[in-house]
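Please read the following with the coordinates open.

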Amino acid sequence: MKRKPIIVFSILVVFIVLVLLISLQSGTFQMTPAEAFKTIIGQGSDQQELVLFEFRLPRMVLAILIGAGLAVSGAILQSISRNDLADPGILGINAGAGFAVVLFIYLFQGSYQNLGGSVYILPMFAFLGALTAAALIYSLAYKKGITPVRLVLVGIGINAGFSALLIIMQLRMSPNDFMQATVWLSGNIWGANWSSVLAILPWIAILIPLVIRQANTLNVMRIGDESAVGVGISLERSRLLLLFLAVALAGASVAAGGAIAFLGLVAPHIARRIVGPRHQLMIPTAALIGSLILLFADYIARNMLAPSEIPVGIVVAIIGAPYFLYLLIKTP
Amino acid sequence: MKKIYPYTLALATTAMLLTACGDQEDTDNNTANGEADETVEESDDADDSDSEAGGTEKTVTDGYGNEVTVPSSPERIIAPYLEDPLLTIGLEPIVQWSVNNGASVQDYLADELGDLPYIDYQLPLESVMEADPDFIVVPDEGTLGSGDYNQYSQMAPTYVMDSETGEDWRATLLEMGSLFDRDEEAETALEEYDAYVEEVKQELNDTVGDDKVAVVWLINGAYFVVAPNIASGAVLFEDLELETANAIAELPEDPDHWNELSLEAFANLDADYLFLVNGDEDSVESLTTEDVWSTIPAVEKDQVIEIADDSSWLYNGYQANRQTIEEVHEQMISE
């Protein structure tokens, strides 16, 4: 059931804009759609402008960026491992990034809110953590090449390992930090501001086009190693490069939004169903779907128990977990 | 008022995530507190602040180096988890700290805070905006849980105490006093508190002497002994100088605030007086039906005192400590 890509993209973008607008005008601070509109065109009160442009908008932009980052990261991992169950969360890459972030905060005794300039260093750190996890997975799973099943199994092991390390680290923290870390690790984009957006924007904006350039390689890889070798693709090198891109995307996303699980799994699947497996189309579609899901999940997270918030990662997991089980059952 | 881990509490209550983590929550409290208001009367503060502080605004540096402009007489104050000192210097906040939309509040201040609207412990940006404060003061930066400092300070001047001050209720009270130009109120409260402590200490000396005391908090089927430097522990053992029972005396140098006590430890507990802070009935029930229960000296002497879970015993602060002492006085001396 492939559809015209232009139409698919347009529909997704329209949905994203729609959810964005709905989300923008809902929240604890009451605002009618008319007021919100007036504020957007610059006619609102100071308060309304503050709420809209400083509180709500940055987190929505952040949701869009993180959603795209995780979705594309998942898409790459699924294709290079030829395993539909791969995603940065399940493989332990998110846990590696999360571990690095918590380590960073623990070592530098910063709080989770006012990290100051370190908001820009954090993605680097998360990336290093993600890279460590990926390197571990890759080397442990390597046995004259990588078989997809080994990759996933080793990944699950690494995930468990990093999660255990995280718990040890958290237990050494003060209870306040412990709680904050727990909430952060379950994935949340509270406290988003424009500097957190700026910190992750370059990663997403540069890396995703790079991935799309590799679409052909991904197409071939998905079919199988033999055919990849057959058409002259230097297999391990390309795989490493793509893995690197996936890890960088996941790392930056985790630094900004915590370990949001399942998004990287679900978005590429839906994308494949809509536009088929060709990565030239599948990657951008997955990115848009990832953005849409996270944006919507954030809307729920913000409003369901308002004025308290639920970590957005939990909302995503509630949607994503059943889908994951469904895939597990369907996978031969 | 010492901060007793509102996050821990909050999450435990909200998500039940944390039951196993040992340090735990502190919910609860309150007693109708009849007299803390001798020194303090909130009702007169609005006028007070006008007359006393009626001058100009001032600029101060907070615990994290932020330059904060304090309005000349702030009227719409948000001071989450600082309600105790704020009331003590005669001011009233516009909202009160709560978890889960009022599921947990500082019950011991119910008389003063009563039906003030709740503000979530994470201080959601939009709830703050909705409350429309003209001044925000928080005990540490972790309290600004839903955004960064700039986002809060764009709504109203925001003063963040350094966490060391925030953890020491006397220092907190004094800092609040100087922040709002009410140093005198803060100092008077401290003097008055010390005098009260002295008075009760004398009486306790006569009636209780060297009898050993322990405070145990029962919640979720676990028993926590309250460390001698926090909440009611600090009041009983540091201020009133009661003798600590072995379970407390044997705690490590820098103990956790709440320390889980095994049933075995109960078997050896040498407390002559045992205060049970009743977190929930089931936990009390399960402890009191254990075999070891009857071997505790306090039980043999019929000196077990149950403290309601909405009392001040898990908090620190001028109001909290006073209420705790009143209860001690009532239970250990008056009877």
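The axes themselves are lines fitted to C-alpha atoms, for helices over the stretch in contact, and the angles run from 0 to 180 degrees between N-to-C directions. This is a predicted model, in which local features need pLDDT of at least 70 and side-chain atom pairs count only at pLDDT 80 or more, while totals for chains, interfaces and linings use all residues. Residues are numbered from 1 along each chain as its sequence is written, chains are lettered from A and ligands numbered from 1 in the order in which they are written, and side-chain values use heavy atoms, with hydrogens and water left out.

Chain A has 14 helices and 0 strands, where helices are DSSP runs of H or I with at least four residues, strands are runs of E with at least two, and both are numbered from the N terminus. Read from the N terminus, its elements run α-α-α-α-α-α-α-α-α-α-α-α-α-α. Of the 332 residues in chain A, 58% are buried; buried means under 20% relative accessible area, exposed means over 50%, and partly exposed is in between, with a 1.4 Å probe and protein chains only. Among contacts in chain A with a separation of 6 or more, 77% are between residues 24 or more positions apart, a contact being heavy atoms within 4.5 Å.

Two helix pairs of chain A show how these helices pack. In one pair, helix α4 (residues 93-108) of chain A and helix α11 (residues 235-257) of chain A have axes that come within 9 Å and cross at roughly 50°. By the angle classes, α4(A) and α11(A) are therefore oblique to each other. The crossing of α4(A) past α11(A) is right-handed; a crossing is right-handed if the near helix is turned clockwise from the far one by less than a right angle, and left-handed if anticlockwise. On the α4(A) side the contact is made by I93(A), N94(A), A97(A), G98(A) and V101(A), which meet V247(A), A250(A), G251(A), V254(A) and A255(A) in α11(A). By class, this contact has 7 nonpolar, 3 polar and no charged residues. Here Ala, Val, Leu, Ile, Met, Phe, Trp, Tyr, Cys and Pro count as nonpolar, Asp, Glu, Lys and Arg as charged, and the others, Gly among them, as polar.

The other pair is helix α1 (residues 5-24) of chain A with helix α13 (residues 279-303) of chain A, which pack at an angle of about 20° with their axes 10 Å apart. That angle makes α1(A) roughly parallel to α13(A). α1(A) passes α13(A) in a left-handed crossing. The residues of α1(A) in this contact include F9(A), L12(A), F15(A) and I16(A), and those of α13(A) include L288(A), L292(A), F296(A) and R302(A). The contact of α1(A) with α13(A) has 18 nonpolar, 3 polar and 1 charged residues.

F162(A) lies in helix α6 (residues 148-171) of chain A and counts as buried at 9% relative accessibility. Leaving out residues up to four places away in sequence, F162(A) touches G92(A), A95(A), G96(A), F99(A), A133(A) and L136(A). F162(A) and A100(A) are 62 residues apart along the chain, and their C-alpha atoms are separated by 9.8 Å.

V266(A) is in helix α12 (residues 263-275) of chain A, and at 9% relative accessibility V266(A) is also buried. With the neighbours up to four places away in sequence not counted, V266(A) touches I293(A), G320(A) and Y323(A). V266(A) and A321(A) are 55 residues apart in sequence and 9.3 Å apart in space, C-alpha to C-alpha.

Chain B comes to 15 helices and 14 strands. Of its 335 residues, 60% count as buried.

Y81(B), in the loop between β3 (77-78) and α3 of chain B, has a positive phi of about 70° although it is not a glycine. Y81(B) is buried, with a relative accessible area of 1%. N220(B) also has a positive phi, near 50°, in a residue other than glycine. N220(B) is found in the loop between β9 (212-219) and β10 (222-226) of chain B and counts as partly exposed at 42% relative accessibility.

Conventions. Parallel < 35°, antiparallel > 145°, perpendicular 65-115°, else oblique.
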